[in-house]
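Have the sequence and the 3D view at hand, and look things up as we go.

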Amino acid sequence: MPRNKPIVLLSAGHACVDVYQGAVAALVPFFVAERAYTYAAASGIVLAAGLMSSVAQPLFGVLTDRRPVPWLLPVSTLLGGLGVALSGVGGSYALTLLFVALSGIGVAAYHPESARVARIASKGSHRSMGWFSLGGNIGFTVAPLLVTAVIAAGGLRLSPLLVLPALVGCALTLPVLRGPAEAPPAGRGRGAAEGRDDWASFVRLSLAVGCRSVVFVGLSTFVALHVRGQTGGGAVAGAVALVVLYLGGAVGTVVGSGLAHRWDRVTVVSTSYLATVVAVAGAVFVPGPAVLLFVALASIGLYVPFSLQVTLAQDYLPTRVGTAGGVTLGLMVGVGGLTSPVIGGIADATSLRTALTPLIVMPALSWLLFRTLPEPAAPEPLPGTRGRDAEQDAEEGTGRPVDGRGGDGTGHQRPGRSTSTK
């Protein structure tokens, strides 16, 4: 298989899965309009998907640490799609919760194993892992467009058509199943403290990811309704707001992986969180169409750290790569789902703007947790390979490959943050 093909296929498959994470939030305005759900009831649907995903994902991460399970990729993709596709069938709130929870389990099963496979296929490249994460952002971006096109045309009864991306994702995943399962485990490389797990740094990183999740899930759940109120627009304005939110995430992922080649990951992530405080404040308080600009800036700021946090977590726990992915991509991300009913309840009692105001504090907490974290040593390439970033640097004529730890490949350190570990 050509060198870049596995990452391309994994990225496309990731997009097909994350359509269903974005689809749950995109369905909320339609549940409110068609079934007259309150803010609290609508946010409970997001909670059902997020809670099942967050609880189950670390368990699947432990499973992938024990043995490769690449067959989970097509199976979990299909499960995620079926849950969302059936969520609009019938009018029972309990069945809706059951189906979106089923989708959440599918999403949970997909991410730890796909992160393991992508880490092997990327050979330690931040850029390749960025492209893998970008696939998920594209899925989020497409979700509100897909949901609006399908559901606005005929109501929630047409939700079974939303299974189509899952079928495409299954087909894209099949060609990459065999190779990664036979590769050496990703955890054999050199990670934080020369192969020793740095649990203290991992816990702080996970708490920062949890704070980020509160902001992003809160915005993705209510931004469509918030922008409709701020601009006086209808369903189209809400769909545009979600597209802007998710498209900003795609931009942020690409920017983050690029910045990681100039500065160390901890510096990039902490700076991004600090800048996001202002962007979230603008998204909450700025009236009129200008609110969309701040929604985009907030999303970019929240997604610059996304793929970098995954690789940092894997480097902090080099012997438990699946667990690292399961916790950072699942358990801590699910914290945002737990808080969304609280936001909905406050919105019902006061106003949506008042309920969203506490989100401004969350990126500041992430910055405080991140700013003194150590930059772990990057894992060594698998035997007989070079990191893909080093190959690209050589092809571009830079002369010396970057070693991923703030050095230039010759043993000399770049100016900037110390790379010592605790």
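Predicted model: local features only at pLDDT ≥ 70, side-chain atom pairs only at ≥ 80, totals over all residues.

**Charged pairs**

Side chains of opposite charge can pair when their charged atoms come close. How many salt bridges does the count come to here? The count comes to three, and here they are:

| Pair | Closest N to O |
|---|---|
| R320 and D197 | 2.3 Å |
| R265 and E375 | 2.8 Å |

Start with R320 and D197, which form a salt bridge with their closest N and O atoms 2.3 Å apart. This pair links distant parts of the chain: R320 is in the loop between α12 (306-316) and α13 (321-331), while D197 is in the loop between α7 (178-182) and α8 (199-231), 123 residues apart. R320 has 35% relative accessibility, so it counts as partly exposed.

Because R265 lies in helix α10 and E375 in the loop between α16 (361-370) and α17 (388-395), the pair ties together parts that are 110 residues apart in sequence. Salt bridges that share partners join R265, D315 and E375 into one network.

**A nonpolar patch**

Next, head to the surface. L78, L82, L86, V89, L164 and L167 make up a nonpolar patch there, with about 460 Å² of accessible area together. Two elements give two or more residues to this patch: α3 (72-87) and α6 (164-173). Which one gives the most? That's α3, with three residues. V89 sits in the loop between α3 and α4 (93-122), and its relative accessible area of 40% makes it partly exposed.

Last stop: helix α11 (residues 291-303). At 1.5 Å a residue, its 13 residues should span 18 Å, and the end C-alpha atoms are 18 Å apart, so the two values agree. As you follow α11 along, look for its buried residues, among them V291, V295, L302 and Y303.

Note on methods
Residues numbered from 1 in each chain as written. Heavy atoms only, no water. Helix = DSSP H or I, 4+ residues; strand = E, 2+ residues; numbered from the N terminus. Expected span 1.5 Å × (residues − 1). Buried < 20%, exposed > 50% of the residue type's maximum accessible area, 1.4 Å probe, protein only. Salt bridge = Lys/Arg side-chain N within 4 Å of Asp/Glu carboxyl O. Patch = residues over 30% accessible without salt bridge, like charges linked within 9 Å, V, L, I, M, F, W, Y side chains within 5 Å. Areas by Shrake-Rupley, 256 points an atom, 1.4 Å probe, with all protein chains shown as cover.
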